[in-house]
Amino acid sequence: LVQMKKEYFKNIDLLKSIACILVIINHTSSYLLINENYLPFYKIEFVLCRIAVPIFIMCTGYLMCTKELKGKDILKKILKVFIPLFLLSGLIYLLQHKTIDFLFLQNFIATPIIEPFWYIYMLIGLYLIMPFLNYITKNASTKEHIFLISVILIMPALLKLFSLEFSTYWGVAIPTYSIGYYLMGSLFYKIHDQIKFTKLSGILFFILYIIGIIFYTNDHLELYNIDSLLLISMSILFMNCILGFKIKHQHKFLTLISANSLYIYLFHPLLQNKIYELSIFQNLISFNYIIGILFYQFILLLICLVLAWLCNYTIKKILSFNSK
């Protein structure tokens, strides 16, 4: 069983690295829309990348669900993401306004300074209730676990498929989708030695992916929301498929991305526009649009990975120095 868990942690590393790559592609694929001739390629990237956040949350549930977290543990986890979020938000505000004032604190509490940072706010909220979610995972039977996920994730997504207007009061007592995905990740951990139908999951995922591409229109983007039935189904199928892989040797590059995914996530929205505007990428895009965009996305990932590794390395050195 111990060996099985180690094997499946390799799969989680693979999932996290894939999700991290997809986040960068998702936030940069909009450059394809500058030239309408490349809308089909944009659809290919956009629909696939929408599974990134659900995968991240489910991986968090998988990795954290067995931990008995106390107050100090939660505080450490929150500070680990809050401090870089606060510092980077302050830096962005300083560059925009040439000063730091009380208005920054008001804005920081009210809303993320840039849209992609919403995920860190959500993650902090998830950390706060994680001990209670882990208690549910530990004490609920598999059937109870599945029922709870169905109520939180599946049922609201099914209701949204109908054109009828449902009162928001129907779902006022139902927790948010992030909790549903976390519990789904913890369910995967609970049944990780019983996971079946991995090939079928891969086939069904591909079918839904193609359907998502075919039916993509700007008028119906709600179909690709994180809490939509399409995204829920694609995300769960994809994770089930990857967990079924037998990974003998994890690629070091992917492991490095997984280990530094937090800082990659934080850095990429700060750098994506500046890197895109570099003449080398503009020249390459002029030569071949698709190759230029793909190369730009890869270089952005590489630069963010280097910066993320440097940050983590520096923090570890500081902490080891303090402990000494």
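# Asking why, from burial to ring pairs

Student: Why does lysine 43 count as buried?

Tutor: Its relative accessibility is 19%, and buried means under 20% relative accessible area, exposed over 50% and partly exposed in between, with a 1.4 Å probe and protein chains only. The value falls under the 20% limit, so lysine 43 is buried. Before we go on, a word on the source: this is a predicted model, in which local features need pLDDT of at least 70 and side-chain atom pairs count only at pLDDT 80 or more, while totals for chains, interfaces and linings use all residues. Residues are numbered from 1 along each chain as its sequence is written, and side-chain values use heavy atoms, with hydrogens and water left out.

Student: Where does lysine 43 lie, and what is it in contact with, leaving aside neighbours within four places in sequence?

Tutor: Lysine 43 belongs to helix α2, residues 39-49. Helices here are DSSP runs of H or I with at least four residues, strands are runs of E with at least two, and both are numbered from the N terminus. With contact meaning heavy atoms within 4.5 Å, lysine 43 touches Ile213 and Tyr216, once neighbours within four places in sequence are set aside.

Student: Nice. What makes phenylalanine 215 exposed?

Tutor: Its relative accessible area is 55%, and that passes the limit for exposed, so the word applies. Phenylalanine 215 sits in the loop between α9 and α10 (229-243). Its C-alpha atom is separated by 53 Å from that of serine 320, 105 residues along the chain.

Student: Which residues of α4 and α12 make the contact?

Tutor: From α4 come Lys80, Val81, Pro84, Leu88 and Ile92, and from α12 come Leu262, Tyr263, Leu266, Phe267 and Leu270. By class that is nine nonpolar, no polar and one charged, where Ala, Val, Leu, Ile, Met, Phe, Trp, Tyr, Cys and Pro count as nonpolar, Asp, Glu, Lys and Arg as charged, and the others, Gly among them, as polar.

Student: What makes two aromatic rings a pair, and how many aromatic pairs does the count come to?

Tutor: Rings of Phe, Tyr and Trp (its six-membered ring) pair if their centres lie within 6.5 Å; planes under 30 degrees apart count as stacked, over 60 as edge-to-face and the rest as tilted. The count comes to 28 aromatic pairs. One of them joins phenylalanine 108 and tyrosine 121, at 5.8 Å centre to centre and 50° between the planes. That angle is neither stacked nor edge-to-face, so the pair is tilted. It links distant parts of the chain, with phenylalanine 108 in α5 and tyrosine 121 in α6 (residues 118-139), 13 residues apart. Phenylalanine 108 has a relative accessible area of 8% and is therefore buried, whereas tyrosine 121, at 24%, is partly exposed.

Student: Why is the pair of tryptophan 309 and tyrosine 313 called stacked?

Tutor: Its planes are 15° apart, with 5.1 Å from centre to centre, and such an angle meets the rule for stacked. Both residues lie in α14 (residues 289-323), four residues apart, about one turn of the helix. Tryptophan 309 is partly exposed at 41%, and tyrosine 313 is partly exposed at 40%.
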